[in-house]
Amino acid sequence: MVVSFKGCYTVKPAEATWKGPLPLSEWDQIGTLTHVPTIYFYRLAPNWLSPADTISNILRDSLSRALVPFYPLAGRVRSIGRGRLELDCNAEGALFFEAESEAKLDNIDHFSPSPEYHYLVPTIDYSVPIHELPLVLAQLTRFKCGGISLSIMISHTVVDGPSALHFISEWATLSRGEPLGTAPFLDRKLLRAGDPPTAPPCLDNSEYSYPPVLLGQSDNVEEEKKKNTVAMLKLSKTQVEKLKNMANDDKSSDSCRDYTRYETLAGHVWRCACKARQQKDEQPTALAVCMDSRNRTNPPLPRAYFGNATLDVFATSHAGELMSKPLGYASSKIRQAIDKVTDTYVKSAIEFLKNQEDLTRFQELHALGGTEGPFCGNPNLAVVSWLTLPIYGLDFGWGKEIYMGPGAHDFDGDALLLQSPDGDGSLILALCLQVAHMDAFKRHFYEDII
Ligand code: COA
């Protein structure tokens, strides 16, 4: 797809905002430090088709107003040594690009987070020092048919999915001319390690060791070189129910509550990936679950807590057991990992991180071209649930999107689970796997539903 760039603007907060260093929580500083992309496509009614600048002006104006209450997103992250980062609230602003494409929305017949999308999403040069990178980047692309796309990239160092969507949805609210709905809760002290500590440092360091590598290999270097591909795989409501029945029929104990859609589907994806990757029975494998801790602390965090309140936990097993045992076994392993995350777990994990001399080894640096950090590719997976995130119905004033999706995501083993926009109970798995494994994965994914 040919996309030509027409403009680039720095969008600063519309009013003076608080300036100074804002400490980040331990969780902000580990895991993914890159920006997470989402993309929305709109068809426009005739009254929105001219004049050409109207939409761009509305978006930039409302973004600048949104950056007042959400002023941390107008700042920059900087390194303070020992793998630690802090947020400099300096109102340097977000970056907004305008682009045009000869393509028509109708010709983009299958929206998937494929490399084709790269031109619709701002490119970020991660070789630039981190303190020079904007935390929010957006790109408005106009298509020949009059439709538009809006891609939004937000730094995962500063916010997780729920907070990013809070910001995006308030930006849309202001763009529609309505008042701010819910102000963000900006005090990150609630998730900073206490002094004195509120819980002993986590004794189970296994959470913070790297997931396994392929048998016979000592690192992931060879796996990382392999070519990946992306697929959007839909499951109808009936297929989801069949899988849930399969998982719950095989439940190891009758007394445990039924496995959820996430536990079922993540278990199914794990088994299918082991089969598609033709893993040896004795191959250790891990599945990363991204968990929102907002409701797992006591008391729960404020609903509008703005930052990273998500953490990754690993379900672990061996490929042979996953493939030979019924689906309920994989789901039980995932349930075990999720159930570990209690208030004490959250607090002791934070203390554990605070006591680390250097946080670099907990940071996912693969996306930055590095080889450090946990690798969730072959023989592992990361299945992130977007099932409960309010991703659809984003109206900036010209109606709801016709399509929303994750922007490009291109790491082996990276999977997102979304509700289908059809609202009929069907679900979508957005999955990136090595090219060599995708066809077999798709076959198992659909054929193993009985
Ligand atoms: N809307 C509708 N149903 C909801 C709901 C909501 N907001 N919240 C919970 N439920 C219901 C669902 O019916 C679900 O069962 P079902 O899927 O079988 O129908 C049940 O409650 C359990 O949901 P949940 O507590 O979310 O457990 P889960 O097994 O579906 O998911 C986690 C487990 C760990 C993935 C989930 O608890 C979590 O933390 N999600 C956050 C993910 C996140 O933040 N993603 C962005 C990362 S940046």
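Tutor: Let's start with two strands: eight bridges join E1 to strand E7 (residues 94–101), and the two run antiparallel. As one example, Cys8 has Phe97 in E7 as its bridge partner. This is a predicted model, where local features need pLDDT of at least 70, side-chain atom pairs count only at pLDDT 80 or more, and totals for chains, interfaces and linings use all residues. Residues are numbered from 1 along each chain as its sequence is written, and side-chain values use heavy atoms, leaving out hydrogens and water.

Student: What do the labels and "pair" stand for?

Tutor: Helices (H or I, at least four residues) and strands (E, at least two) are DSSP runs, numbered from the N terminus. Two strands pair if DSSP finds at least two bridges between them.

Student: In which order do the six strands form the open sheet?

Tutor: In general, strands of a sheet pair through backbone hydrogen bonds, parallel or antiparallel. Here the order is E1-E7-E8-E9-E4-E15, with mixed pairing. Strand E1 (3–11) and strand E15 (403–406) are the edges, each pairing on one side only. Ignoring direction, neighbouring strands are turned by 15° against each other on average.

Student: Which strands does helix H1 touch?

Tutor: Contact means heavy atoms within 4.5 Å. Helix H1 (residues 54–66) packs on the sheet and touches E1, E7, strand E8 (136–143) and strand E9 (148–155). Its direction makes about 165° with that of E7; axes are lines fitted to C-alpha atoms, for helices over the stretch in contact, and angles run from 0 to 180 degrees between N-to-C directions.

Student: How many residues of H5 are buried?

Tutor: Buried means under 20% relative accessible area, exposed over 50%, and partly exposed in between (1.4 Å probe, protein chains only). In H5, 14 of the 16 residues are buried, so the helix is largely enclosed by the rest of the structure.

Student: Is Ala91 buried or exposed?

Tutor: Ala91 counts as buried, at 13% relative accessibility. This residue is in the loop between E6 and E7, and its phi is positive, near 55°. Arg82 also has a phi near 55°, but Arg82 is partly exposed at 44% relative accessible area.
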